[in-house]
Structures are given as structure tokens and as C-alpha cells.
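Good morning, and thank you for coming. Please look at the sequence and the model together while I speak.

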Amino acid sequence: MKKFKIFLLLGLAFILGIDKINAECDNKTQLEINTASSNVTMNYNINTVVLDRNGKEHPEISPSDVETGELSEYLKSDKITIKIENITDKIYVVFQNLDEKINKEYHYRDLKDGTITYEVPDNKKIRNYKLIIYSDVSDCLNQELRIIDLKTPMYNENSSYAYCINNNSYYCQKYITTEIGNDESIYNDYLESQNNGVQNNATGSEKTSNKLLLNIGIVTVIVLIIVIVFVIYKKNKNKFKQNIGGM
């Protein structure tokens, strides 16, 4: 009987303990961590930077002051930077890119002003990043609150080719986040569009030429009719005068 009472008391304590833990993450706390999570942002920026021939960045030099060329001391390059902001002491985040084996945890105490800055290694391919936001409040510790996905763009080599001059098509954009066809297929599409344009222009020119010839023909006929009428009139007038004179 004594053992039964002990087990009963332990069971009640366990149940009450669970209820207490569940009760600690109350509505107010849940609202606070949800609000903190919703304010977190993750975006990327593309900035042109100046590099020397050794690949060292020179932020003190403005890209507009650099003239590129084979003999130039400096080069200009685009850099993609991810910026994560508004992390507070109520949450922590895990930054991931599984393809590159990135899985790093950040807490507010580890950061400056709740901000994370990450430089993307290069712009040669499209990359997918994920930010998982968790509660860092002891009452609701480790509760997953939100996931943000971000795709960073790659440089599109097609944009530097002649067929992309004054071409606003997606395959001519400088940076893209969706894979496109190979260069050959795009170039063939471009040639086809150019040929269609030439044919349309030729058809238009032919129509204009035919219309001009028709107008010239109409004017010529009208002039001939006027001349014929005038000649007949003159001939009849002279004949009438001769008849009067003979009388």
C-alpha cells in the first residue's frame, strides 16, 4: 500500500510537471516569438567591386573610376551578398545550403545588431539557401517558427553577346535564377526572329512598291484621257472653224 501511494504521488507529480511545462509556453509568449520570427528578413544584393590583379578587393576605389583593359591595374567584378536582419534574443536561426554543406546556427548574442552577412562564393551557378527560425525563449525553446528560402542568381553569359543588345528577353538578362537553354539554341532562335523581321520588312516594302506603281498607273491613265479629250476637242474646234470659213 505504501509503495502504491509513492507511485501515485510520483505519477501525479509527473503529470503536473508536464502540464506546467506546456502551460509555460502561453499565448503571450507564443505571440512574442511569432512576431519576432515574422520580422526576420533574408535578401541578397549584387554590388560591383574593384579587385587588383591578385584578386584583393579595394573598397576605397569607386568602380566608376576604374577603366578596364588588358593594361589596367584593376578589375571590376560583381559580388553577391546575402543579408539576414532583425534577429532578436527571442529567436535563433540556422543558415543552410546543403549542396555546399553549410549548416550554421546563430544566436543573438553571437551577432552585431542582430544581422548576418554572408558572401556568396561566386556567381557561376544558381544557389539555394534556407533559413530556419527557432524559438530561443526557454518556455518554448527550440520550437520551429518559420522557414525562409532564398535563391541567388548566376551570371548569364548570353547577356554579353550581340544578339542580346537591346533585347529585354529573359535569356538576355544579366542575372537569372532559372536555368535557360544552351547558347546555340538561343542563337538559332535569334536568327529565326531576325529572318522573320527581314521577311516582314521585305513584304512591307513589296506592298509599298506595288501601291506606288498602282498610283502611278492611275495618274498616267487620267493624264492620257485628259490629253486625248483635249486633242479631240482641238480637232473638232478646228474642223468647225474650217466649215464656217467655207460658208
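What we have here is a predicted model, in which local features need pLDDT of at least 70, side-chain atom pairs count only at pLDDT 80 or more, and totals for chains, interfaces and linings use all residues. Residues are numbered from 1 along each chain as its sequence is written, and side-chain values use heavy atoms, with hydrogens and water left out.

Let me start with confidence. pLDDT is the predictor's confidence in each residue, on a scale from 0 to 100. Its mean over the chain is 81, and 72% of the residues reach 70 or more. Over residues 1–22, however, pLDDT stays under 50, and there the model has zero contacts beyond four places in sequence. By contact I mean heavy atoms within 4.5 Å. Where pLDDT is low, the predicted coordinates should not be read in detail.

Now the overall make-up. Which elements does the chain have? There are three helices and nine strands. Both kinds are DSSP runs, numbered from the N terminus: helices are H or I with at least four residues, and strands are E with at least two. Read from the N terminus, the order is α-α-β-β-β-β-β-β-β-β-β-α.

The chain has 247 residues, and 25% of them count as buried. Buried means under 20% relative accessible area, exposed means over 50%, and partly exposed lies in between, with a 1.4 Å probe and protein chains only. The accessible surface is about 18100 Å², and 55% of this belongs to carbon and sulfur atoms. These areas come from the Shrake-Rupley method with a 1.4 Å probe; for residues, only the protein chains shown count as cover. Among contacts with a separation of 6 or more, 60% are between residues 24 or more positions apart.

I turn to the sheets. Strands of a sheet pair through backbone hydrogen bonds, either parallel or antiparallel. Here, two strands pair if DSSP finds at least two bridges between them.

Strand 2, residues 74–85, pairs with strand 5 over four antiparallel bridges. Within this pairing, Lys-83 has Thr-117 of strand 5 as its bridge partner.

Another open sheet is built from four strands in the order 4-3-6-7, again with antiparallel pairing. Which strands stand at its edges? They are strand 4 and strand 7; each has a single partner strand, so one side of each is left without a neighbour in the sheet. On average, neighbouring strands here are turned by 20° against each other, direction ignored. Strand 3 and strand 6 are joined by six antiparallel bridges, and Gln-96 has Lys-130 in strand 6 as its bridge partner. Helix 2 packs on this sheet, touching strand 3, strand 6 and strand 7, and its direction makes about 5° with that of strand 7. For such angles, axes are lines fitted to C-alpha atoms, for helices over the stretch in contact, and the angles run from 0 to 180 degrees between N-to-C directions.

Next, the disulfides. A disulfide is a covalent bond between the sulfur atoms of two cysteines. In this model the criterion is a pair of cysteine sulfur atoms within 2.5 Å, and the structure holds two.

Cys-25 is joined to Cys-140, with 1.9 Å from S to S. Their link is right-handed, with 110° about the S-S bond. Cys-25 lies in the loop between helix 1 (2–24) and helix 2 (27–38), and Cys-140 in the loop between strand 6 (127–135) and strand 7 (144–152), so the pair ties together parts 115 residues apart in sequence. Cys-25 is partly exposed at 21% relative accessible area, whereas Cys-140 is buried at 5%.

Cys-164 and Cys-172 form a disulfide with their sulfur atoms 1.9 Å apart. This link is left-handed, at -80° about the S-S bond.

Finally, two single residues. Is Asn-97 buried or exposed? Asn-97, in strand 3 (residues 91–97), is buried, with a relative accessible area of 2%. Lys-112, in the loop between strand 4 (102–107) and strand 5, is exposed at 68%.
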